[in-house]
Amino acid sequence: QKYIGMVEDCCCDYETVNQLNNEVLHPLLLDLVKTSFYRYFKVKLWCDCPFWPDDGMCRLRDCSVCECPESEFPEPFKKPLSQYNPVCQEGKPQAAVDRTVDTRAFKGWTVTDNPWTSEDETDNDEMTYVNLRLNPERYTGYIGPSARRIWDAIYSENCPKYASEESCQEEKILYKLVSGLHSSISIHIASDYLLDEATNLWGQNLTLLYDRVLRYPDRVRNLYFTFLFVLRAVTKAELYLEEAEYKTGNVIEDLKTKSLVKQLVSDPKTKAACPVPFDEAKLWKGQRGPELKQQIQKQFRNISAIMDCVGCEKCRLWGKLQILGLGTALKILFTVNGDDNLQHNLELQTNEVIALMNLLNRLSESVRFVHDMSPAAERIAGVQ
Ligand code: FAD
């Protein structure tokens with residue numbers, strides 16, 4: 001049993017997290033994300049990538065490249081493009097987004113801009129509503145230099161792997177959040193993989209699960225960290241989320257949504273076993289606190305901007321959603337100081353709440369898959 005004791009920098013142990021997730025959180029989240037309110041995500045899917053202007057990766061209209069001055073690009077993004085093979089990933093059916101539209105109106109929510117993300121959330125132009133249930137996060141065939149370049153840019157420019165003796169806790173957080181999300185994406189690829197293209201056979205790929213995630217215990221640890229971090233944000237915003245309006249026009253379903261949110265954020269078992277999944281109060285205390293917060297906010301906004309360069313539509317959809325979800329968690333935990341002020345000062349918009357809960361669900365599924373499938377994946381890999 002590799003994962004015992006406290007999740008690093010968190011306030012709960014692995015066993016408790018697994019138990020709570022299996023018994024309470026995962027079943028509730030699965031029901032919640034099926035509701036109409038949580039099923040639709042507003043997103044701009046065009047690939048307006050500001051970083052690699054002459055990439056030639058995609059020439060489709062919905063993957064156009066915006067022309068920004070060269071001087072704006074960070075150095076590592078200017079690598080000679082000849083090393084990249086300009087293949088458009090958009091053509092693959094499994095990478096395309098099903099845009100079956102549903103123009104339900106969301107009422108009673110304010111629209112404000114999130115300082116942690118690069119997207120202007122108040123800009124409705126070119127935004128579409130996407131039904132997330134029709135577009136599950138899974139294997140899309142997005143591999144090779146284009147995908148690799150995104151991860152490289154995120155890690156090298158915006159959240160370098162920390163040397164444990166040097167970095168303060170705040171600097172580690174961004175790396176761990178991104179790494180945890182990266183693990184989760186890999187786990188979803190492994191759990192829903194195209195095993196045979198000819199017969200369109202989908203299933204689990206436990207070798208991939210082992211090779212990309214389980215082989216590296218810190219990737220698993222970072223997944224648990226990210227899960228607890230987002231869970232803390234959701235439970236910290238308990239009152240706000242309980243009182244929010246979930247209006248889609250179907251009164252009965254909206255009541256169900258509200259009740260599921262209430263059960264999730266105030267579950268007595270979770271409160272007893274893991275009352276504060278992550279303790280944000282101990283951060284930003286030192287002299288460098290405000291400066292560090294600004295730096296990390298800037299890095300996170302950069303990561304959010306890089307999502308426009310993801311060259312596979314469905315990956316871009318889930319990348320944007322999950323980065324917005326993380327940005328919302330950061331906003332809840334770090335923008336407003338003190339629990340007492342939270343209720344008054346916090347303002348979330350529909351899309352942020354949808355992203356936050358869907359992200360928590362994705363992470364919860366990943367934690368469950370790792371927990372359930374590790375023994376079999378390790379047996380196949382011959383390490384058990
Ligand atoms: P990659 O996953 O590309 O990893 C690149 C490098 O990052 C690795 O070599 C390793 O050094 C490092 N690394 C890997 N995992 C971690 C970790 N957890 N923590 C720290 N470092 C790590 N593909 C799909 O099929 N479906 C999707 O929905 C999908 N969504 C994506 C969303 C985004 C935002 C991005 C950027 C890519 C997405 N992809 C998706 C592509 C997928 O993530 C991989 O890039 C692709 O499958 C190729 O994998 P790889 O083995 O080359 O390693």
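Reader: So which residues come nearest to the ligand?
Author: Keep in mind that this is a predicted model. There are 22 residues around the ligand, and the nearest are Ala147, Ile150, Ser179, Cys315 and Gly319.

Reader: And which elements give two or more residues to that shell?
Author: Three helices do: H3 (145-158), H4 (169-191) and H11 (313-334).

Reader: Which one gives the most?
Author: That's H4, with 6 residues in the shell.

Reader: OK, what does UniProt list for "binding site"?
Author: The entry, which is unreviewed, has Arg138, Thr140, Trp151, Ser179, His182 and Arg212 under that heading. Ser179 also turns up among the residues that come nearest to the ligand.

Reader: Where's Arg138 found?
Author: Arg138 is in the loop between strand S2 (128-131) and H3.

Reader: What is Arg138 in contact with, neighbours within four places in sequence aside?
Author: His188, Ile189 and Asp192.

Reader: Why does Arg138 count as partly exposed?
Author: Because Arg138 has 16 C-beta neighbours inside 10 Å, and partly exposed is what lies between the 12 or fewer of an exposed residue and the 20 or more of a buried one.

Reader: And Trp151, where does that sit?
Author: Trp151 is in helix H3. Trp151 is partly exposed too, with 13 other C-beta atoms within 10 Å.

Reader: Switching topic. At what angle do H11 and H13 pack?
Author: About 105°, with the axes 7 Å apart; H13 covers residues 350-380. So the two helices, H11 and H13, are roughly perpendicular to each other.

Reader: Which residues in H11 meet H13?
Author: From H11 it's Leu321, Gln322, Leu324, Gly325, Leu326, Thr328 and Ala329. On the H13 side they meet Asn351, Glu352, Ala355, Leu356, Asn358, Leu359 and Arg362. By class, the residues of that contact split into 7 nonpolar, 5 polar and 2 charged.

Reader: Where does Asn200 lie, and is Asn200 buried or exposed?
Author: Asn200 lies in the loop between strand S3 (193-196) and strand S4 (201-203). Asn200 counts as exposed, because there are 10 C-beta neighbours inside 10 Å.

Terms used. Residues numbered from 1 in each chain as written. Predicted model: local features only at pLDDT ≥ 70, side-chain atom pairs only at ≥ 80, totals over all residues. Near = placed C-beta within 6 Å. Helix = DSSP H or I, 4+ residues; strand = E, 2+ residues; numbered from the N terminus. Axes fitted to C-alpha atoms, helices over the stretch in contact; angles between N-to-C directions. Parallel < 35°, antiparallel > 145°, perpendicular 65-115°, else oblique. Contact = placed C-beta atoms within 7 Å. Nonpolar A, V, L, I, M, F, W, Y, C, P; charged D, E, K, R; others polar. UniProt positions renumbered as here; feature names shortened; annotations may be inferred.
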